Each structure stands twice: as structure tokens, then as C-alpha cells.
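Reader: Could you take me through this structure? I would like to begin with the overall picture and then turn to particular places.

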Amino acid sequence: MEETDREAVATAVQRVAGMLQRPDQLDKVEQYRRREARKKASVEARLKAAIQSQLDGVRTGLSQLHNALNDVKDIQQSLADVSKDWRQSINTIENLKDVKDAVVQHSQLAAAVENLKNIFSVPEIVRETQDLIEQGEFLQAHRKLMDLECSRDGLMYEQYRMDSKNTHDMTLIRLYFGDMEKLSEELGKQLWMVLQRSLVTVRRDPTLLVSVVRIIEREEKIDRRMLDRKKQTGFIPSGRPKKWKEKMFNILDRTVTTRIEGTQADTRESDKMWLVRHLEIIRKYVLDDLLVAKNLMVQCFPPHYDIFKKLLTMYHQALSTRMQELASEDLEANEIVSLLTWVLNTYTSAEMMGNLELAPEVDINTLQPLISQNVVSDLLDTYMSTLTSNIIAWLRKALETDKKDWIKETEPEADQDGFYQTTLPAIVFQMFEQNLQVAAQINDDLKTKVLLLCLQQMNSFLSRYKDEAQLYKEEHLRNRQHPHCYVQYMIAVINNCQTFKESIVSLKRKYLKNETDEGVSMCQPSMDMILDTIAKDGCSSLLDEVFLDLEPHLSELMTKKWLMGSNAVDTICVTVEDYFNDFAKIKKPYKEKMTVEAHRRVVVEYIKAIMQKRISFKNAEERKEGAERMIKEAEQFRFLFRKLASGFGEDTDGHCDTIVAIAEVIKLTDPSLLYLEVSTLVSKYPDIRDDHIAALLTVRGDASRDMKQTIIETLEQGPTQINPNYVPIFKDITVPSLNVTKLLK
């Protein structure tokens, strides 16, 4: 306790010393004492409440433990009573053993009497069942077969219960009902024959197919019942489980495989178009079969069989196996094209799995490929490998040629609209056109693959183009006098990005029928992103060029020289306008963004000059003069960028309004309204920070230390609601490394 008291006293002394560092703070001693008293009272109240809550919890816990102890004692007494009753009943249970044996014997005799009639009539029922099978009356035949099996199974079960080790009697019963097992096999063969012709049967006699399914469903129920009895007694009749449902699906699977394989009528020696004919016959057969399955067969099977989905899987697997076999053969070039066209396009097209009549049960997006991508790649290697290497070499050569143009002493060529450009886009897409025209003469699918290859290589090429443009910029920054036409060729690079975009869209529109092709749709966003990045970096580098020239004039802003009448802003406006006369050769989408960005950067640089506290106004007259000059210069910027943005429809006045809003704070003559003016500024620009406000008040020059502290602390406490459409402008503006506390001093 003494140690704790010493630590408490030391802490208190430290806090009091922190509060009373200056003489003027002695006036607030009473205020500090009352504040500490309130804190102490609050802590004591919370401590008492916490202790009371703990005591209530302990009291409740003790009460529940007492109740649990009483319940345990009651349960212990009940268990003792049950144990006593169980010991007294053991002798009674042993005395009932004779009765139990009599019950078992009675049950066996009752089963024998019950089946006696059936036992004597087995030969007659077998003959009737055989006749019904031959007549095609499968349901009635199966009903009699079930009666025979029931009699046999009942006898065998009773014999098993009486003497499970007596194999002689079991064998005798099995031999007596031997013809019944042959009937079961014969009936099964007839059912499998119907299922093999199910697609024909369902059109001619759907009732027959329904009867077959009903018989199989009955057998499944009997199998389940026998398996349940086996779990209880250990006995299962001979021939069970039959698993006819599993056999049914195996038969259907083999039928589908045989149907696919049997469609090849010709060989390469007899007909050069053998593969085309073979694939067309498969397409027609599969589509017809699936339509019959969807419209007719599903009505003949219970819903839980999900027969259409299972048949679809069987056909898909059989087709996949057949396509793998064909792909493994020594195919000629035109045969490779035919096979891949069928596998990649025809199979999922409206002519086959994409047929509207199969929807929505068949979703082509969920179908697995018929052959693996590795096999596809192997088949295409012969045709595509040479083309790929050629395209890469051509693109590399075209880029090297274009790079040589970048360092020329003459300006680049302009198109019919006067926009700078180089010959790179024309060379690249002329080469693509030539290869696509050759591919189109072979096959649409191969044409699409060549287009995809071109776009993929274009993607890689654009990455290299981006790197070369960046190196071009870095080389220029090392020596701004070289290359001589850097600005013009950077404009041409930016314009090339738009030309590439338009050419890609034109190429796809001309050579691609299906705009949703997965490979192409994956390439397009990536290429657009790279092109936008190249153009954005190019525009940024041009603006960097502008602001490198503006640096001396920007450094004059908000200085004594500026206040005395500098023409820095006039020079800035003239320089920007002069550069943008060259930038007029940039195509519209990028020029619009560049104009907006230039406007924002000019305003940001102006605000940075304010926040760097290069000047501190001495009196109201200087503040008024400086504020009016700021407003005038904001209007100069506004006029300039309205002129530059004419025809764009862009509203960029908001940037200049920021300068005007800051000027209003500086211009304010009544210091008592300063908080209101600053709070208005903060509400308009919620990303403004404390150091921005402190720097602004420092520039004003008349805000006392207490006033600065009061304004900043009050604004920190107030809620800030940010407009979702607000574009931050103060976020990137830093104040020189002087913290707010020092600024306040």
C-alpha cells in the first residue's frame, strides 16, 4: 500500500507540474481542482457499480449451485430405486425362456402354413410367369415373380431363424425355387432390351418404358428392405441385392457409347471428308436424342432419377472419349481444323448443346471441355507455332522502327484531322489483317484463334510499348534539350493509344462473330487498361514538362514580391496556354482529361504556395490587397481553363472556387467572424487538415495563439459530413514540417 501511495503521489505531482508550467496557469488552479474532483467522483462511482455487479453475480451463482446439489441428490435416489427393481426382475425374465421358444416355433409354423399353397403351386406359377414374359406383360410377370420370391424368402428366413447352420434345408429350398431365379434373369434380359431401345420405345410405346421403370423401382424397394433386415438379423436371400437401377444406368451408358462409336461410316481412304461427315452425324444424333430425352423420357421416370441430367452426362462423357480417340489419330491439317471447330464451337453452339429447346436444363457454361487444353494445344502447335514466332518478330521490328522516329529532328506526321501520329498502329494492324485473311480461308474457328493470338501478342506488345515510352521520358528528363521534338512525339504516342483502341474494336467487329468469346473478352479489358495507362503516363509527362517551366514563377506566389505586384500568374497563364496550343494535337478523350488535370494541378500548386507561409500579412490593408489579388488570379485561371476546355462540356470552376474561398478567409476584417468563415471553408472542403488551417491563419498574420487553438479544437469536435461526389484537393497538399503546436506558438 505504501508503494502504491508513493506512486500515486508521484503521478499527481507530475500532472500538477504539467498543468502549472506557466504563471498565467495559476489563475486556473481552482478550475483544475474542480475538474480533478469530478474525475475522482466519476471513477469512484464506476468502481462501486462494478463491485455491486460482481456481488450480485456471486449471490446468483451460489443460489444456482445449491439448487443443482438438491437435483443431484434426487437423481441419485431415483437411480438407486431403478437398480433395486432391475435386480428383482432378473429371475422373472429367466422363467419366460420356454415361452419365447414356443413363440419362435409358432411363428415358423405359421409361415409354413401361410406359404403352403404357394409352395405347391410353384411350378404352375413359374409357367404362367414365363408365358407373361414372352407376351410382353412385364408388370404382371413381375408381380407373380415377386410372390414366388416372397414365399421362398419367407421359408428361408424361418429356416435361418430356426437353424442358421442347416445348409441342407437351405439348399433344398433354393433348388425347389431354382426356376424362379431363371425367370428373374429372363425378365431382366427383356427389360435391358427395352432400355437399349428406350429412345425408340419412348416414341412408339411409352407405356412399355414406364412399366420397365416401375419394375426397377419395385426391385429397388425390395433391395432396401432386404438390406435393412440384414442389418437387424444377418439374413439376406439369395440374389439380393439385385441392383437393377444401377444396371439400368450401366445399360444406358453402354447404349450411348455404342451409338456414338457406330456413327463412323467412312474412312480417309474412301472419303477425304470422312471426319466432317462423322462429326455431323454425331451432332444430329446427339441433339435428337437429348430432345427426345427432355421432352418424352423425363415423363417416364420418377423425378428423383434425374434422367435427363444423367443422360446428358453420359453423352458428354461418350463424346469426350470419342473426341480423345480421334485426336490421338494421325490427323491431317484440315482434319485437325474440323475436329477443333466441332469440339470448341459446334458442340456448344445453337446447333447442338446451345439449342434453345434444351435450355434451361443444358447450360453450356457448366459443360466441361470435351478434350483437354493440352490436347488442343498439341493439335494447334503445327499450325500456330510458326505464326506465333513470326508475329512476335514482326511486332518487335515495328516497335524498333517506331523508336527510331521518336528521336528525329522533324515533327511526326498528322492525320486528316491534324492530330499527331506515327505509322506504328497502321503497320501492326496491317500485319494482323493479312494473317487473319489467310486464317479465314481455312476455318472460322481457326480465324478466331488467330485473332485471339494477335490480341494476346498485342497485349504483350503494349506492355513493351509502355516500357519504351517510360524510357523515352526518362531519357528526356536527363537532358531536356533532347530529343528535339519530345513533346510532339509524346503527343503522337498518346494519340496512338486511341488509334490502337479503335483498331482493336474494328478488328473484332470484322473478324469476330461472337463478341462474348471468353478469350477475347479477357484480353480486351487488359489492353484497354494498358493503353489508358500509357496515355495517362504520357499526359502526365507532358504536364510535368509544363510545370518544370512553371517552377520559377510558382515560387514567386504568395511572397513579398508577389504582393508588391508580380506578374507570375500572367506568365503562368501564358505558358500553360502556349503549351496547350501544342496539346491541341492530342485526341479529344485524352485532351479533356489532361485539361482537367492541368487545371487541378495549377490550383493545387497555388494552394501549396499559400500553405508554405512564404508571407504573413501585417495588417488588414495587406490582407485585403493580398486577398483581392488572389481572387483576381483565380478569375484569370478560371478564364484560361474555360477557354482551354471550350467544347468539352466539363465544369472545372470548382477548383478556382477553392482559391476564392481561401481568399475570403484572409480578406475577413472582423476577427470575431473568423471561426465562422473557417468552418464554412472546412464544410466545403472536408479533406482540409489542422495544419492547413494553422498555416492559413499564420498567413493572415492577426490570429492570436488562443484564437488559433480555439478554432482548431472547435472544428475537431464538430461533425464532418463528406459529399460522396466531392473530389479531394487538399489531400495532396503538404505543409512544411512544422507541427500544429509550434504553429500555434
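Predicted model: local features only at pLDDT ≥ 70, side-chain atom pairs only at ≥ 80, totals over all residues.

Reader: How many helices and strands does the protein chain have?

Author: The protein chain has 27 helices and zero strands.

Reader: And what share of the residues is buried?

Author: Of the 745 residues in the protein chain, 42% are buried. As for contacts between residues at least 6 apart in sequence, 76% of them join residues at least 24 apart.

Reader: Let us take a helix pair. At what angle do α11 and α12 cross?

Author: Helix α11 (residues 274–295) and helix α12 (residues 307–328) cross at roughly 170 degrees, and their axes come within 10 Å. Angles over 145 degrees count as roughly antiparallel, and α11 and α12 are therefore roughly antiparallel to each other.

Reader: Which residues of α11 and α12 make the contact?

Author: On the α11 side the contact includes Trp274, Leu275, Ile282, Val286 and Leu290. On the α12 side, Phe308, Leu311, Tyr315, Leu319 and Met323 are among them. By class, the residues of this contact divide into 14 nonpolar, one polar and three charged.

Reader: Staying in that area, where is Leu358 found?

Author: Leu358 is found in the loop between α13 (333–346) and α14 (373–406).

Reader: Is Leu358 buried or exposed?

Author: Leu358 is buried, as its relative accessible area is 0%. Not counting residues up to four places away in sequence, Leu358 touches Leu287, Leu290, Leu291, Lys294, Phe308, Met352 and Met353. Of these, Leu290 and Lys294 also belong to the α11 side of the contact with α12, and Phe308 belongs to the α12 side.

Reader: How many residues apart along the chain are Leu358 and Leu287?

Author: They are 71 residues apart along the chain, and their C-alpha atoms are separated by 8.8 Å.

Reader: Now the other pair. How do α16 and α17 pack, and how many Å apart are their axes?

Author: Helix α16 (residues 444–478) and helix α17 (residues 486–511) pack at an angle of about 170 degrees, with their axes 12 Å apart. That makes α16 roughly antiparallel to α17.

Reader: Which residues meet there?

Author: From α16, they include Leu451, Leu455, Met458, Phe461 and Tyr465. From α17, they include Tyr489, Met490, Val493, Phe500 and Ile504. The contact of α16 with α17 has 16 nonpolar, two polar and three charged residues.

Reader: Changing topic, how many disulfides are there?

Author: The count comes to zero disulfides. For Cys497, the nearest cysteine sulfur is that of Cys539, 8.7 Å away. The cut-off for a disulfide is sulfur atoms within 2.5 Å, and Cys539 is likewise in no disulfide.

Reader: Are Cys497 and Cys539 buried or exposed?

Author: Cys497 counts as buried, at 0% relative accessibility. Cys539 also counts as buried, at 9%.

Reader: One last place. Where is Ser566, and what does its side chain make a polar contact with?

Author: Ser566 is found in the loop between α19 (560–565) and α20 (568–583). The side chain of Ser566 makes a polar contact with the side chain of Glu556, at 2.7 Å. Leaving aside neighbours within four places in sequence, Ser566 is in contact with Glu556, Lys561 and Arg629.

Reader: Is Ser566 buried or exposed?

Author: Ser566 is buried, with a relative accessible area of 9%.

Terms used:
Residues numbered from 1 in each chain as written. Heavy atoms only, no water. Axes fitted to C-alpha atoms, helices over the stretch in contact; angles between N-to-C directions. Helix = DSSP H or I, 4+ residues; strand = E, 2+ residues; numbered from the N terminus. Parallel < 35°, antiparallel > 145°, perpendicular 65-115°, else oblique. Contact = heavy atoms within 4.5 Å. Nonpolar A, V, L, I, M, F, W, Y, C, P; charged D, E, K, R; others polar. Buried < 20%, exposed > 50% of the residue type's maximum accessible area, 1.4 Å probe, protein only. Polar contact = N/O pair within 3.5 Å; in protein donor to acceptor, adjacent residues only side chain to side chain.
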